[in-house]
Protein chains: 2
Amino acid sequence: MSELRHDPIQKRWVIIATERSRRPTDFRHEEPQKQLSHVESCPFCEGNEDKTPPEIFAIREPGSRKNGPGWELRVFPNKFPALRVEGDIGRRGLGIYDMMNGVGAHEVIVETKNHSLHMGDMPVSHLKKVVSVYKSRILDLGRDTRLRYTLVFKNHGAVAGASLMHPHTQLIATSITPRTISQELDSGKEHFLAKERCLFCDIINQELALKERIIYETREFIVLAPFASRFPFECAIYPRRHSHDYTLMNDAELYEFARVLKATLYKLKVALNDPPYNFVIHTAPYTTPRPGKEHYWKTLPYDYHWHIEIIPRLTRVAGFEWGTGFYINTASPEMAAEFLQNVELPEGFFDE
Amino acid sequence: MSELRHDPIQKRWVIIATERSRRPTDFRHEEPQKQLSHVESCPFCEGNEDKTPPEIFAIREPGSRKNGPGWELRVFPNKFPALRVEGDIGRRGLGIYDMMNGVGAHEVIVETKNHSLHMGDMPVSHLKKVVSVYKSRILDLGRDTRLRYTLVFKNHGAVAGASLMHPHTQLIATSITPRTISQELDSGKEHFLAKERCLFCDIINQELALKERIIYETREFIVLAPFASRFPFECAIYPRRHSHDYTLMNDAELYEFARVLKATLYKLKVALNDPPYNFVIHTAPYTTPRPGKEHYWKTLPYDYHWHIEIIPRLTRVAGFEWGTGFYINTASPEMAAEFLQNVELPEGFFDE
């Protein structure tokens with residue numbers, strides 16, 4: 001079983017997931033390989049359902065059978081999960097250290113049966129199904145009160161950590177709240193307690209007034225190049241109306257979100273030559289009662305604001321950031337916003 | 001001039017350094033290129049001194065001339081500095097945001113005239129000169145009271161962010177303390193206030209007792225695979241005796257440190273096929289009085305413990321960590337420690 005270990009110096013949890021039981025020599029450095037398009041051997045392609053663990057959920061054609069072909073979208077556990085649903089949390093100390101068992105969930109959402117469809121090129125109605133499944137999986141996993149947070153993220157391209165190119169998203173549900181999220185919760189709470197306003201709403205309002213870092217906007221959403229972007233062409237999508245929780249979106253809002261996500265990813269693809277990228281949904285932790293923690297944040301509906309962070313992984317950019325938490329960004333967010341804003345969406349972009 | 005911008009959500013400073021004035025299209029994604037060994041055109045090789053900014057410091061042969069050949073080690077400003085020494089800090093607000101001018105220093109330490117000498121293969125007496133220059137540069141920059149921290153780091157290999165392969169270290173001196181360091185200072189202080197003991201000493205003592213994660217040890221230093229390592233084969237070198245400040249090492253200690261650094265990097269090179277890596281020196285911020293901040297931490301001599309963090313950048317490992325601050329490590333630190341401990345140092349390894 002994998003373990004969650006706490007670093008007493010950085011106050012950070014790390015998953016030590018050694019289930020693949022690699023030998024030390026498997027880690028030897030190799031030059032990166034170009035990923036090939038092995039459709040026949042792709043475990044995420046239609047017809048290869050037996051190469052994945054049994055499905056948890058799928059959108060299927062009428063009459064098709066579970067774990068067989070005839071699907072539009074499939075969800076199943078990761079074959080090499082970092083965390084598993086079985087077992088106790090097992091919180092314990094080890095001298096000065098803290099640890100617990102690797103209890104949680106690690107799932108794969110295969111977004112489409114099309115082996116090489118970029119999310120920026122998906123029909124909006126299909127992408128709406130994908131982002132709706134994010135919502136339903138977060139809600140479903142939240143019924144397990146051992147879990148405190150479900151992190152939905154996508155790695156696109158080998159450099160961004162995707163080991164398979166077939167379009168897929170992953171989610172990891174954990175018994176802790178990831179540090180980046182808890183820092184955002186802390187900052188939001190501090191601002192709310194001082195001003196009785198949402199920090200994120202204040203930022204959105206200032207950006208709407210300044211108009212220097214807006215990449216794209218619709219009636220419901222705004223896409224920003226964050227003021228203190230760590231990486232060139234970093235993007236953040238916020239709902240314009242205050243909402244702390246991704247899963248509160250209704251069908252119409254999910255459709256609008258699919259439109260803005262498609263437009264943003266299309267702009268990045270065209271502007272930067274299909275860069276590898278990661279995106280992560282930042283939403284509130286589960287607020288229903290959890291053992292040992294009655295309610296995360298009593299102010300929560302007011303002081304957090306869900307959003308999605310998109311980070312292109314441009315190979316010319318790398319450095320000492322891993323070791324310091326301190327970033328050097330060689331592209332100004334204003335330049336990035338202007339450049340991405342000017343990428344035109346082709347006629348009929350949102351048509352089906 | 002570049003800018004330091006503060007992210008009010010993550011409470012993190014970012015350097016926006018756009019002096020290279022790249023165009024947006026310069027950021028387009030390209031497949032990584034293999035670095036070639038262009039000795040003739042290498043600006044860090046002997047004879048090409050005119051290709052670098054004028055030197056700040058050098059160890060030179062008697063009779064050789066500044067900015068000419070005949071050196072063993074050279075320090076000069078980075079040609080494309082993220083920060084510059086000239087100008088005022090210029091702290092200011094921009095609505096909800098905070099920013100200041102990019103005042104600081106960004107220097108390059110060319111470690112040797114040998115274009116392709118791995119630090120793990122350097123003679124100890126030479127490496128001792130390199131690590132002594134780290135000390136003297138930190139001390140020299142600390143005389144500028146606008147600066148609060150000098151970060152010394154090395155990128156080895158293109159994947160780790162080195163744009164030139166000739167062995168070199170960089171330093172960035174800033175008007176802020178990097179977040180990773182301030183988190184460590186906070187944790188150390190909290191532990192000291194609770195227990196009147198150094199957190200890092202407690203960790204070292206526990207690791208010496210458990211003997212599960214020790215990679216290498218000498219009378220003066222210990223090399224650990226940290227309990228909650230974020231990356232496979234992460235290493236940390238600590239002085240065994242409590243000391244908060246790298247620059248307090250005397251000549252004998254610097255020599256000992258060079259030995260243990262050489263041994264550690266050699267082990268990584270042999271075990272992992274010369275992986276790209278980063279290292280960062282974690283030492284106390286300047287404690288002499290600074291304007292606006294009389295003294296960083298009154299408890300500082302007792303509650304911080306300098307160390308060096310070494311992170312191999314293995315290309316199979318990547319992921320969603322950038323967006324979450326949450327790490328999945330597929331190699332257990334115990335396995336990594338055992339494997340590296342077992343890499344034998346060849347006979348005469350420390351001989352000159």
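Predicted model: local features only at pLDDT ≥ 70, side-chain atom pairs only at ≥ 80, totals over all residues.

Visitor: Which strands are the edge strands of the open sheet in chain A?
Guide: The open sheet has ten strands with antiparallel pairing, in the order 3-4-7-9-8-13-14-12-11-10 (chain A). An edge strand here pairs on one side only. The two that do so are strand 3 (57-60) and strand 10 of chain A.

Visitor: How many degrees does the twist average from one strand to the next?
Guide: We stay with the open sheet of ten strands in chain A. From one strand to the next, its twist averages 15°.

Visitor: Is strand 13 of chain A buried or exposed?
Guide: In a regular strand the side chains alternate between the two faces of the sheet. On one side of strand 13 of chain A are Tyr277(A), Phe279(A) and Ile281(A), and on the other are Asn278(A), Val280(A) and His282(A). Six of the six residues in strand 13 (residues 277-282) of chain A have 20 or more other C-beta atoms within 10 Å. The strand is therefore largely enclosed by the rest of the structure, and its residues are buried.

Visitor: Which residue in strand 14 of chain A stands opposite Phe279(A)?
Guide: Strand 13 of chain A pairs antiparallel with strand 8 (residues 149-156) of chain A over four bridges, where Phe153(A) stands opposite Val280(A). Strand 13 of chain A also runs antiparallel to strand 14 (residues 307-312) of chain A, with six bridges joining them. In strand 14 of chain A, the residue opposite Phe279(A) is Ile310(A).

Visitor: Which residue in the turn between strand 5 and strand 6 of chain A has a positive phi?
Guide: Strand 5 (residues 92-94) and strand 6 of chain A pair in the antiparallel sense over three bridges, with Leu94(A) and Tyr97(A) as bridge partners. They form a hairpin with two residues between them. The turn residue with a positive phi, of about 60°, is Gly95(A).

Visitor: What is the bridge partner of Leu4(A) in strand 6 of chain A?
Guide: Strand 6 (residues 97-101) of chain A also pairs with strand 1 of chain A, antiparallel and over four bridges. There, the bridge partner of Leu4(A) is Met100(A).

Visitor: Is Lys11(A) buried or partly exposed?
Guide: Most residues other than glycine have a negative phi, and most peptide bonds are trans. Lys11(A) is not a glycine, yet its phi is positive, at about 55°. It lies in the loop between strand 1 (3-7) and strand 2 (12-16) of chain A. Because it has 14 other C-beta atoms within 10 Å, Lys11(A) is partly exposed.

Visitor: Is Lys211(A) buried or exposed?
Guide: Lys211(A) has a positive phi of about 55° although it is not a glycine. You'll find it in the loop between helix 3 (199-210) and strand 10 (214-217) of chain A. The cut-off for this class is 12 or fewer C-beta neighbours, and Lys211(A) has 10 inside 10 Å, so it counts as exposed.

Visitor: How many Å apart are the end C-alpha atoms of helix 1 of chain A?
Guide: Helix 1 (residues 124-141) of chain A has 18 residues. At 1.5 Å a residue it should span 26 Å. That agrees with the distance between its end C-alpha atoms, 26 Å.

Visitor: What is the bridge partner of Ile16(A) in strand 15 of chain B?
Guide: Here the pairing goes between chains: strand 2 of chain A pairs in the parallel sense with strand 15 (residues 327-329) of chain B, over three bridges. The bridge partner of Ile16(A) is Asn329(B).

Visitor: How many nonpolar residues are on the side of chain B that touches chain A?
Guide: In the contact between the chains, 78 residues of chain B meet 78 residues of chain A. By class, the side of chain B has 22 polar and 16 charged residues, and its nonpolar residues number 40.

Visitor: What relation superposes chain B on chain A?
Guide: A rotation of 180° with 0.0 Å of shift along its axis superposes chain B on chain A, with an RMSD of 0.0 Å. That is the relation of a two-fold axis.

Terms used
Residues numbered from 1 in each chain as written. Chains lettered and ligands numbered in written order. Contact = placed C-beta atoms within 7 Å. Nonpolar A, V, L, I, M, F, W, Y, C, P; charged D, E, K, R; others polar. Pairing = 2+ DSSP bridges. Least-squares fit on C-alpha atoms with pLDDT ≥ 70 in both. Axes fitted to C-alpha atoms, helices over the stretch in contact; angles between N-to-C directions. Expected span 1.5 Å × (residues − 1).
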